[in-house]
Structures are given as C-alpha cells and as structure tokens.
Amino acid sequence: MPTRSSLQIGSRELHALQLPKVAIGPTKGFNLKDVAVPIARALRTQPGKLRFEDMAFRPQSGLAYITVSVMHGQATPAPALVAIDADGKVSIIDLAKARHASAAIRDAPAVDQRLWRDLPQATLTVTDLAFHQGKLYVAGLSNASFASTLRVYDYPFTGKANTTSIEIYHAVHNQVETRAPIRKVAVVTLNGEPTLLAAYTCTPLVTIPLKALVDGAHVSGKTIAELGWGSAPVDMVAFDAGEGPMVLLANSHKSADLMSVAAIAEASAKPGLATPIKWPSEPLLGLKSISVPMAGLAQLADQNQEFLAALRRNEASGAMELVSIRKGAFLRLSDFVNEYDFADYRYPPADGWRAVHRTLRIDEGYADLAPREQ
C-alpha cells in the first residue's frame, strides 16, 4: 500500500515507496525521550537540523516510520525517511534506491500564492491521506476558485485522479466555505456507507460519502459537529481496542476529541449543522465528543492493538519525544505528579486504580515503581 506522500513544491507528485521486508516485531511501548538524537546520528546531522513531518506504524513490525526534513542553511531541506524501534535503533530508507510508483498532481496552487506572507499555498496541496480498498484519498488545495479539493487515485497508480471540490458550513464562522482545506481525514463506515470523515481548522467535523467523490463534482460535506474554535487538527486515528470502532482527533490548542463511530453515524444521519455557535458562551454544537488529556502533540499514530504513539515536544527541554499511550487510558501517568506517587502512599483495599497504575508504570518504563499485585 502507499505510504504518506513526500511532496515538495517543485515536484507536485505523490510517491508510494515499496518498503523492505522486516520481521514481525514485539508489542512494546515507546519511551524515547529525545528521538531526534538517534535519528540525527543515523543521518549524520545535528538534532536541531531536523524538522519532523509525519509518522506511521507498520503493522506487526514494532517499527515507527518517521519522515523528516533535514535543514541545510538556506538550501532546500532534504527529505529523509527512517524506521525506528522501541529501543531507539534507527534504519534509513534509501529514497534513491527504494522501488516506488508516482502520480502527478496537475492542479496544485501556483507557487507564488502565499498565506501570512511567507507560507506558499502549494505547501497545502496535500494536507492528509487515507487509503481504503485500493484507493488513495488525498485532501488539500487545488488552483481552482473552489480551492478545497479531494483527489482520489486508484492504487497501483494509473496516471489519473478523480478530483472533487468541497464546500462545508462552518458554524464558528457562520458561512459556507470553499477555500480552507480539509486538514485530517479517516475512512469509516456509517450506517453501512463508506464515508470520509474530515476535520478542519477551528474545528468543524464533516462527513462525505465516498460514492459522492465523482470526478468534476462539487460536493457539500455535512457538518456534524463544531468541536471548538481556535485550534487545528493534528492527527485523526480510527481504531478498535475491543469496545467498538472509535475515532480520536488530536488538536493543536485543546484536548483531543474521542468519538465512537456509532455516535458519528447517528449524527451523520441527521440534517447537519446550519446555524452558528453562540460565541463565546456556547462554543460547541452537534456531536458531543469525550475530551481526553492529549495535547501538545506533533503527530499521532495507531501503533498496535494496545497503544497509540505520539511525537511531542517536552515542555521543559524542547526535546522531541516518541512515546506510547495506552488505548483506554489516553494519558501517560508519568506526565504528572499526584497523590499516588509518594513513597508512603498506600492503596486502599480493593482499590480499582492499583492495577491500572501498575500497567501504566510498566508501559512507561517505571516497572520498579509499579505497585505490587494483590
């Protein structure tokens, strides 16, 4: 299947790399507190010259695949792709030698169009990807007046793409929008219908049936939730940890939103939002999510059946961490100091948190501090 794209402004292409075979790896939590150090060492550069771009996990391998840009002064940054395991061992994927297939993007924004003076619109040609049943769904911008665009490629690539322009109602802005791109996507099945779930900045959640993505069509997505103003989607992960399909949306400036696919389907069966929020006293509308304490993330990925994994900056040191977060808990216990952490604390008999804390401490590399099993 295709990897996430390595798109440069000049190339305007998607590249799907054939990765080398690897052995099945163990299920282990990641606790790498400065992941830039081993990656920079493998790439023969300094940690401060790395810009982290994206991350994905290869099923059953125990490997995280991380794309970075390596800064070289005023020169164009060089792309790199590495694989890293939970012990911090790094392997470089040689992009020059890797077998790959490519697909052109023929309607990207012009390179001289900019946002906020120095952000080329062309850098938003691809904002996210989703692969589903032999098709690659690509969100981003085009050079059309209705700039928000979804492109659909058959994979293996055939040399052409279906292109659909998208409009949505944004309840925070109280207007129909056709320019701002979808930022994160996932494919879910809603009421028996394969559907693209799309998250936008500031933060509408929208459903679009895959069957509506016909070449040349102009599609109105259904806005099913307004999840809070003043934030941008960081990543959206769909998973099932044994309690039914769920979607977790990580955000740049607020807590993450956890939603069941069943609740999303129920909301999508309704007409959709058409009225503005009451700002600032009532900032939310539509589908209600569960707020979970995951913030400040750079990237989020589905690691395996037990864990999500996050790239995040340490607040104190600024180091980039690669850490696992147990599904169901949705937090790292070692991020906090609380009553349970003191040496003289004793759990009450039959306390329900003892087992949970034991599991999380072991996950996070503190087995020596885990409470004994009763």
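Two strands pair if DSSP finds at least two bridges between them; helices (H or I, at least four residues) and strands (E, at least two) are DSSP runs, numbered from the N terminus. This is a predicted model, in which local features need pLDDT of at least 70, side-chain atom pairs count only at pLDDT 80 or more, and totals for chains, interfaces and linings use all residues. Residues are numbered from 1 along each chain as its sequence is written, and side-chain values use heavy atoms, leaving out hydrogens and water.

**The sheet**

Thr207 has Lys222, in strand 19, as its bridge partner. Strand 17 (residues 204-209) and strand 19 (residues 222-226) run antiparallel and are joined by 4 bridges. They belong to an open sheet of 5 strands, ordered 15-16-17-19-23 with antiparallel pairing. At its edges are strand 15 (184-190) and strand 23 (285-286), each pairing on one side only.

Most residues other than glycine have a negative phi, and most peptide bonds are trans. Which residues other than glycine have a positive phi here? The table shows Trp116 and Asn174.

| Residue | Phi | Loop between |
|---|---|---|
| Asn174 | about 55° | strand 13 (161-170) and strand 14 (175-177) |

With buried meaning under 20% relative accessible area, exposed over 50% and partly exposed in between (1.4 Å probe, protein chains only), Trp116 is exposed at 79%, while Asn174 is partly exposed at 44%.

The peptide bond from Tyr155 to Pro156 is cis, with omega near 5°. The bond from Trp279 to Pro280 is cis too, with omega near -5°, and Pro280 sits in the loop between helix 2 and strand 23.
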